[in-house]
Amino acid sequence: MCAILVSYHFMTNELSSNTDTDEKEDVIETVEQAPVSAQSGIPDASVASSNNLLDIIMEGGGSHTAYLTFDDGPTDNITPQILDILSRYGIHATFFEVGKMIEKNPEITQRVINEGHLVAGHSYSHDYDALYQSEESFVDEITRTYDIISRYYPKNTIPMKLIRFPGGGYNAGDHATEKQLYKETLKSMGYYYADWNSLNGDAEGAKKDADQLFDYFVNSISTNNIVVLMHDAATKQSTVDALPRIIEYLQANGWDFKTLAEIPYNPVQENSAQ
Ligand SMILES: [Zn+2]
């Protein structure tokens, strides 16, 4: 376990001059959030017309782009296998990682980033009752996980503030009411959130083998641009086993692969407020 407890502030703006900063430059952990990369070209979600990436994808046009996403890692048995497969096919994907899992497997998060994939947040605890207990607990887990992820990107290069709600952001099921409120909270904090419109079913109902996951995925395709939900939790070996077939199916049918940082954002940006 990391012995250093990191404190963090919600919506901290470091507007003061440097004159009153004391000499703490050599302290590794700082209290500010790392700024989002200015080179990314992604507008701050608080000034975009929507912070819902599915809306942005649908409004952005384009065709046959697949955004593969993997939730609940990193794990030391599944995530490396997925990375090996993505590397073999020359594909980049998005990993929605759980803060406490990153603390268990930091070298895997570093590998995910080093190999060109996007790492985004999926809460710190993934405990629905704790996470959605209050706006304060939600914000605490989101910012804590963002700060953890930021450490694995070279200084100031994290591409964007992005999360996926554990359980999804849809207005249904447990904690639906709270999630709808927290979408606005996220927007005010400059965060995007990403649900999915395609999935392999690796967390739906009874456990599926690789053939069943492949069939489930193919049947889930209903639009020209798909955000595909999959999982790299420790029990998801069949997800690994199905992945090459899913990729080859998409490649054979003319699909491109991108990370969620590569979505065209400009069409829905309302202004470029400074
Ligand atoms: Zn999850």
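Guide: Gladly; what follows is a short talk about labels and the values behind them. This is a predicted model, in which local features need pLDDT of at least 70 and side-chain atom pairs count only at pLDDT 80 or more, while totals for chains, interfaces and linings use all residues. Residues are numbered from 1 along each chain as its sequence is written, and side-chain values use heavy atoms, with hydrogens and water left out.

Visitor: What makes Asp72, His122 and His126 donors of the zinc ion?

Guide: Donors are N, O and S atoms within 2.8 Å of the metal (3.2 Å for Na, K and Ca), and since water is not among the atoms, sites may look incomplete. Asp72 (OD), His122 (NE2) and His126 (NE2) lie 2.1 Å from the zinc ion, so they meet that cut-off. Their spacing in sequence is D-x49-H-x3-H. Aspartate 72 is in the loop between strand S1 (65–71) and helix H2 (79–89), and histidine 122 in the loop between strand S3 (118–121) and helix H5 (128–131), so this pair ties together parts 50 residues apart in sequence. Helices (H or I, at least four residues) and strands (E, at least two) are DSSP runs, numbered from the N terminus.

Visitor: Why is aspartate 72 called buried?

Guide: Buried means under 20% relative accessible area, exposed over 50%, and partly exposed in between (1.4 Å probe, protein chains only). Aspartate 72 has 19%, so it counts as buried. Histidine 122, at 2%, is buried too.

Visitor: Why is the pair of phenylalanine 138 and phenylalanine 165 called stacked?

Guide: Rings of Phe, Tyr and Trp (its six-membered ring) pair if their centres lie within 6.5 Å; planes under 30 degrees apart count as stacked, over 60 as edge-to-face and the rest as tilted. The structure holds nine aromatic pairs. For phenylalanine 138 and phenylalanine 165 the centres are 5.7 Å apart and the planes at 15°, so the pair is stacked.

Visitor: What makes arginine 144 a charge over the ring of tyrosine 124?

Guide: The rule asks for NZ of Lys or CZ of Arg within 6 Å of the ring centre and within 35 degrees of the ring normal. The charged end of arginine 144 sits over the ring of tyrosine 124, 3.7 Å from its centre.
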